[in-house]
Amino acid sequence: MGNAQDKPPGSGGGGAKTDHATPGRGRRSWGPGSSTHRPPDKAPVANGAQAGGGHTGGQPPREVPVVDTSHLDAPAGALPPPLARLKNEGNQLFKNGQFGEALEKYTLAIDGCADAGVESPEDLGILHSNRAACYLKDGNSADCIQDCTRALELQPYSLKPLLRRAMAYETLERYKKAYVDYKTVLQIDTGVQAAHDSVHRITKLLIDQEGPDWRENLPEIPLVPMLVKQQHQAKPISAELTQARASRAANEEARRKDTRFTLLKHEGNDFVKRGQFRDAAEKYSECLSIKPEECSVYTNRAICFLKLHQYAEAKEDCDTALRLEPANKKAFYRRALAHKGLKDYLAASSDLQEVMVLDPNVHEAEGELQNVTSLLRQSLMDKH
């Protein structure tokens, strides 16, 4: 890991500490020379058997899983191996949500750099930025800001400390400073959605607080050098970041489609109320190009086709609706009307009876069934 990645809030206040053995308390001797007697409910260990984790009663010994910690010794920039390990341990603890313990590791690494005379701005900047992430998770915004500021002194325009400092400023309701940092982040990378959302939120808040001239009271927003932007763009994008961006893009596209779908459906409904059935059908068709599995749109469009005397199209829409929802009484009723328009009175009668089975209280279906039955009798008489 370069900088520690933000995780959902977890173990905030320092994390659980690992227990260590206390001299004189960890292990007891039950041998003859011991001043401590064997507890009365413990039987003597038989010859040849091992105490504790021994293999007794024919049971196979329990295997202890081996944890691979080789990654903790991986190189970390220009840091000496002991300091690189501290950083790697901090990264692992952070990923596990142990923010307090991760903070301790980063602090030891930062102090170790001073003791060892390490002067790598990049490595020190990352350590301060990582520790800032721990402070942010722990709710310590003031120390987060201090570490982010130090990281930015070491590595100007570094994206993560800028974003973390902005979040900390916003938490402390120092909205103008947060706004400046978020806007600086977006100069470096326009794809940081969290910065876009926060700028929008803070803009509304500052307008409410200070009116339309709120920008006049902002601190100066620094102009990010073009070289910094180019260097950021040239950095390889991690698989995790690529996946996150793809997920955000997919969610945004889904929201956009939902909004468009809802608008078109409302427009179609309005056209139906005004008796403009052809225009309504067009709107419903656009809806179905976005969500082709939306049953209610098929039954709505079927109404339009019935009013336009396009009975075959109405029947087809009702057929589709019933494939999606086999017990949809509206689809049965409107298909019955389509069958009636197509003079297939037997099929119309069958669909109307289906409606009555699904809901005996649909009085329109009862009246229509009588009408269709009469037409069916008439058609049979005409054939003779």
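Visitor: How many of the chain's 384 residues, as a percentage, count as buried?
Guide: In this predicted model, 36% of the 384 residues count as buried.

Visitor: And what is the chain built from, helices or strands?
Guide: Helices. The chain has 15 of them and zero strands.

Visitor: Take contacts between residues at least 6 apart in sequence. What share join residues at least 24 apart?
Guide: The share is 55%.

Visitor: New topic: salt bridges. How many are there?
Guide: The count comes to 19 salt bridges. As background, side chains of opposite charge can pair when their charged atoms come close.

Visitor: Start with E252. Which residue does E252 form a salt bridge with?
Guide: With R255; the closest N and O atoms of the pair are 2.6 Å apart.

Visitor: Where do E252 and R255 sit relative to each other?
Guide: Both are in helix 9, which covers residues 239–273. They are three residues apart, so about one helical turn separates them.

Visitor: How does E252 count by relative accessibility, and what about R255?
Guide: E252 has 42% relative accessibility, so it counts as partly exposed. R255 has 46%, so R255 is also classed as partly exposed.

Visitor: What does E253 pair with?
Guide: The side chain of E253 meets that of R256 in a salt bridge, at 2.7 Å from N to O. This pair lies in helix 9 as well, three residues apart, or about one turn of the helix.

Visitor: Which residue does D258 form a salt bridge with?
Guide: D258 pairs with K291, with the closest N and O atoms 2.9 Å apart. This pair links distant parts of the chain, 33 residues apart. D258 belongs to helix 9, while K291 is in the loop between helix 10 (277–290) and helix 11 (295–307).

Visitor: What are the accessibility values for D258 and K291?
Guide: D258 has a relative accessible area of 36% and is partly exposed. K291, at 28% relative accessibility, counts as partly exposed too.

Visitor: Last one. Which residues are linked in a network of salt bridges?
Guide: D73, R85, E89 and K105 are linked in such a network.

Terms used. Residues numbered from 1 in each chain as written. Predicted model: local features only at pLDDT ≥ 70, side-chain atom pairs only at ≥ 80, totals over all residues. Heavy atoms only, no water. Helix = DSSP H or I, 4+ residues; strand = E, 2+ residues; numbered from the N terminus. Buried < 20%, exposed > 50% of the residue type's maximum accessible area, 1.4 Å probe, protein only. Contact = heavy atoms within 4.5 Å. Salt bridge = Lys/Arg side-chain N within 4 Å of Asp/Glu carboxyl O.
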